[in-house]
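Here's a quick briefing to read with the model open beside you.

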Amino acid sequence: MTFGEVMMRLSPPGYSKFAQANSFELVYGGGEANVAISCAYLGMKAAHVTRFPDNALGKAATQFLRKHWLSTEHVFYGDKMMGKYFLEKGAVHRPSEVIYEREGSSFSLIEPSMINWEDVLKDADWFHWTGITPAISEGAAMSCLDAIKTANRMGITVSGDINSRKNMWHYRKSMQEIMPDLVKNCDIVITSSRGIREMFGLCSPDDKFKTCAKRLMDTFPKIKKVAKKTRKSVSASHQRIKGKMWNGKKYVKTDFLNITHVIDRVGTGDAFASGLIYGLLHYKNDMQALNFATAACALKHTVPGDVNVVSIENVINLMEGDTSGAIKR
């Protein structure tokens with residue numbers, strides 16, 4: 001089960017710049033829904049909780065979730081505006097650019113009283129959220145906190161992808177005020193050294209990820225594992241990816257995977273999160289789980305759109321070292 005905003009993504013065709021666009025390609029996406037959809041394509045039962053405008057755009061977005069194997073039983077409707085973002089895809093040495101229009105969206109106006117989390121989570125065994133949701137509005141933050149606390153009471157595993165989005169926090173509470181209450185109730189955390197430093201002030205710019213992860217777990221003892229993906233950007237079109245994890249006893253990391261022809265970088269972190277969830281549920285050790293997550297992340301770079309729709313066979317083949325891209329017949 002995931003919770004968060006789903007937006008319309010509007011991009012100029014191909015790799016055109018905004019100034020060249022006469023039309024926009026439309027897809028839907030949002031960090032948490034991307035994770036749920038990726039889990040569904042890996043063969044897991046998945047559902048997403050969100051709020052859409054009560055109009056044709058909200059219904060179209062709901063159909064998008066259904067198309068990609070998600071239960072939409074807990075999609076709520078109200079108000080009039082769909083969140084959206086505009087993406088100009090980068091290439092080679094030109095970076096991608098994103099412009100958000102989500103203030104006043106249906107999801108941003110959500111309130112905790114709108115959701116009965118005990119009912120929503122009654123059949124769940126995993127709940128996933130990201131640091132984007134509490135940054136959107138105070139209502140979204142408090143709704144997310146209610147979900148996490150309810151999951152704790154019900155014995156449901158909670159994971160959070162909490163890398164800081166400091167430019168998104170525009171309401172009266174800061175991320176330093178909001179995030180600790182959310183994170184202290186998590187079992188699995190995906191973050192970075194920078195995120196730990198900016199949100200909690202627990203390490204310095206010179207500290208390595210292992211040191212920061214240890215301090216985070218010392219501060220919030222419920223956390224069992226802290227993971228991250230490391231990205232080396234050769235160019236916008238050439239990326240290198242590896243996974244790292246501190247599990248309280250051992251520090252594990254994967255080899256780099258080389259992605260020489262990036263098709264779409266958006267949603268790669270969500271692919272890592274979904275791969276980690278799958279891996280922790282299906283593999284016996286953290287190294288295998290981390291390798292699976294890293295392979296899923298690498299493959300998302302080859303898929304247009306926000307969502308990683310690759311099969312489990314694709315991920316396992318790459319995880320086991322098949323980088324050939326040979327045709328499967």
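Two strands count as paired if DSSP finds at least two bridges between them. By that rule, an open sheet of four strands runs in the order β3-β2-β6-β7, with mixed pairing. Keep in mind that this is a predicted model, where local features need pLDDT of at least 70, side-chain atom pairs count only at pLDDT 80 or more, and totals for chains, interfaces and linings use all residues. Residues are numbered from 1 along each chain as its sequence is written, and side-chain values use heavy atoms, with hydrogens and water left out.

**The sheet**
- Helices (H or I, at least four residues) and strands (E, at least two) are DSSP runs, numbered from the N terminus.
- The edges belong to β3 (25-29) and β7 (97-101), each with a single partner strand, so one side of each has no neighbour in the sheet.
- Strand β2 (residues 7-11) is antiparallel to β3 and joined to it by five bridges.
- One of the pairs is Met7 with Gly29 of β3.

**The cysteines**
- Counting cysteine sulfur atoms within 2.5 Å as a disulfide, the model has one.
- That disulfide links Cys203 to Cys212, with 2.4 Å from S to S.
- The Cys203 and Cys212 link is right-handed, at 105° about the S-S bond.
- Both Cys203 and Cys212 are buried, where buried means under 20% relative accessible area, exposed over 50% and partly exposed in between (1.4 Å probe, protein chains only).
- Cys39 is buried at 7% relative accessible area, and Cys297 is buried at 0%.

**Helix α8**
- The buried residues of α8 (residues 209-219) are Phe209, Cys212, Ala213, Leu216 and Met217.
- Looking down the axis of α8, those residues fall within an arc of 135° (taken from the directions from the helix axis to the C-beta atoms), so they line one face of the helix.
- Their cover, by contact (heavy atoms within 4.5 Å), includes β10 (188-190), α7 (193-200) and β11 (225-235).

**The cores**
- A nonpolar core is a set of buried Ala, Val, Leu, Ile, Met, Phe, Trp, Tyr and Cys residues joined through side-chain atoms within 4.5 Å.
- The largest has 48 residues, and Phe3, Trp117, Phe127, Trp129, Met179 and Val183 touch the most other members.
- Elements giving two or more residues to this core include α5 (138-153), α6 (175-183) and α8.
- With seven residues, α5 gives the most to this core.
- Another core, of 34 residues, lies apart from it and has Val252, Ala289, Val303 and Val310 among its members.
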